[in-house]
Amino acid sequence: GKLTLVSTVNREEYQQFVLNVTVTDRGSPKLFSLVKVFIAVDNINDVNPVFNKTLYTAAIYENTTVGAVVIALQASENEADISIITYSIAIGAANVFAMNETTGVISLIAPVDRETKSSYQLLVKATDNGIPPRFGSADVVVTIKDINDNSPIFSKQAYSASISELSTVGTTVLSVSASDLDFGVNSKLVYALEMGVLDATKFSIENTTGVISLTSPVDREMQDTYSFKVIAQDLPVLKAMTRYASANVTVNILDENDNPPVFSVNASVVRNLNRSVLLS
């Protein structure tokens with residue numbers, strides 16, 4: 001008359017069993033009695049909380065204000081009688097992000113800078129209130145999107161070159177270069193010469209390469225040095241966020257033997273002077 005368990009049971013499948021138990025004697029005729037046996041299945045905490053994704057992704061701009069919501073996560077559990085789930089960041093930048101333990105919302109708690117770190121990877125946990133408590137986990141990747149917060153930087157603040165005064169139009173004078181710490185379109189640069197400066201009118205610059213060339217003849221006897229500025233400009237999507245940088249350029253004109261000697265007095269005076277000398 002002893003009831004024994006012959007296979008495992010799962011509280012999440014069956015909360016109760018109802019058995020009809022019969023006892024029969026060995027007499028003739030046989031007599032029996034019937035009884036209902038109710039067996040309740042007690043719950044134990046054997047199911048982990050489960051996030052609705054194993055990998056979450058989010059993206060925020062690097063100028064996102066502290067306190068902004070980054071992403072909201074949710075976990076669930078099929079365990080009966082266990083309804084409280086607590087969320088936390090297990091591994092990752094806990095000094096940059098915080099997770100609300102009851103809602104699963106991840107917020108920004110410190111400024112971010114894409115040029116310092118372009119992405120963060122977090123391991124988050126959902127822990128139930130069972131005894132003993134069980135937990136589930138998921139990965140969260142937060143990408144930091146670029147804004148145009150860096151100005152171009154020239155490799156030098158001052159460039160200089162020397163060319164012959166006999167240089168032909170189209171001669172390459174020198175190349176300038178600049179870089180930008182921003183990313184994507186925010187890091188693309190174009191070059192230009194300073195506007196409204198007379199010295200710059202003798203030259204042109206290739207706007208993508210930074211190569212400066214001669215556009216009209218020069219004469220050292222007229223002007224031996226040209227000074228102007230070169231400009232580097234980035235190309236953000238929002239034109240209002242355009243940033244600039246400048247550098248100084250000096251071009252020295254080298255002398256060539258392109259002028260014949262010139263007497264300092266009139267030739268007829270010299271002839272008359274020579275004749276006077278001979279007569280004397």
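Mentor: A charge is said to sit over a ring if NZ of Lys or CZ of Arg is within 6 Å of the ring centre and within 35 degrees of the ring normal. Please keep in mind that this is a predicted model.

Trainee: What makes Lys117 a residue that lies over the face of Tyr120?

Mentor: The distance from the ring centre is 5.3 Å, and the cut-off is within 6 Å. Lys125 likewise lies over the face of Phe135, at 4.5 Å from the ring centre.

Trainee: Why is the pair of Phe51 and Tyr87 called tilted?

Mentor: The structure holds seven aromatic pairs. In the pair of Phe51 and Tyr87 the ring centres are 6.1 Å apart and the planes stand at 50°. Rings pair if their centres lie within 6.5 Å; planes under 30 degrees apart count as stacked and over 60 as edge-to-face, so the rest are tilted. The pair is therefore tilted. It links distant parts of the chain, with Phe51 in strand β3 and Tyr87 in strand β7, 36 residues apart. Both Phe51 and Tyr87 are buried, and together with Tyr56 they form one aromatic cluster.

Trainee: How do you know that the side chains of Asp146 and Arg114 meet in a salt bridge?

Mentor: Their N to O distance is 3.4 Å, and the cut-off is within 4 Å. Asp146 lies in the loop between β11 and β12, and Arg114 in the loop between β9 and β10, so the pair ties together parts that are 32 residues apart in sequence. Glu115 and Arg114 also meet in a salt bridge, at 3.4 Å.

Trainee: Why does Arg114 count as buried, and why does Glu115 count as partly exposed?

Mentor: Buried means under 20% relative accessible area, and exposed means over 50%. Arg114, at 14%, is therefore buried. Glu115, at 25%, falls in between, so the term is partly exposed. Asp146, with 12%, is buried.

Trainee: What makes Val237 exposed?

Mentor: Its relative accessibility is 67%, and the cut-off is over 50%. Val237 is found in the loop between β19 and β20. With Val185, Leu238 and Met241, Val237 makes a nonpolar surface patch of about 360 Å².

Technical notes. Residues numbered from 1 in each chain as written. Predicted model: local features only at pLDDT ≥ 70, side-chain atom pairs only at ≥ 80, totals over all residues. Heavy atoms only, no water. Phe/Tyr/Trp six-rings, centres within 6.5 Å; stacked < 30°, edge-to-face > 60°. Helix = DSSP H or I, 4+ residues; strand = E, 2+ residues; numbered from the N terminus. Buried < 20%, exposed > 50% of the residue type's maximum accessible area, 1.4 Å probe, protein only. Patch = residues over 30% accessible without salt bridge, like charges linked within 9 Å, V, L, I, M, F, W, Y side chains within 5 Å. Areas by Shrake-Rupley, 256 points an atom, 1.4 Å probe, with all protein chains shown as cover.
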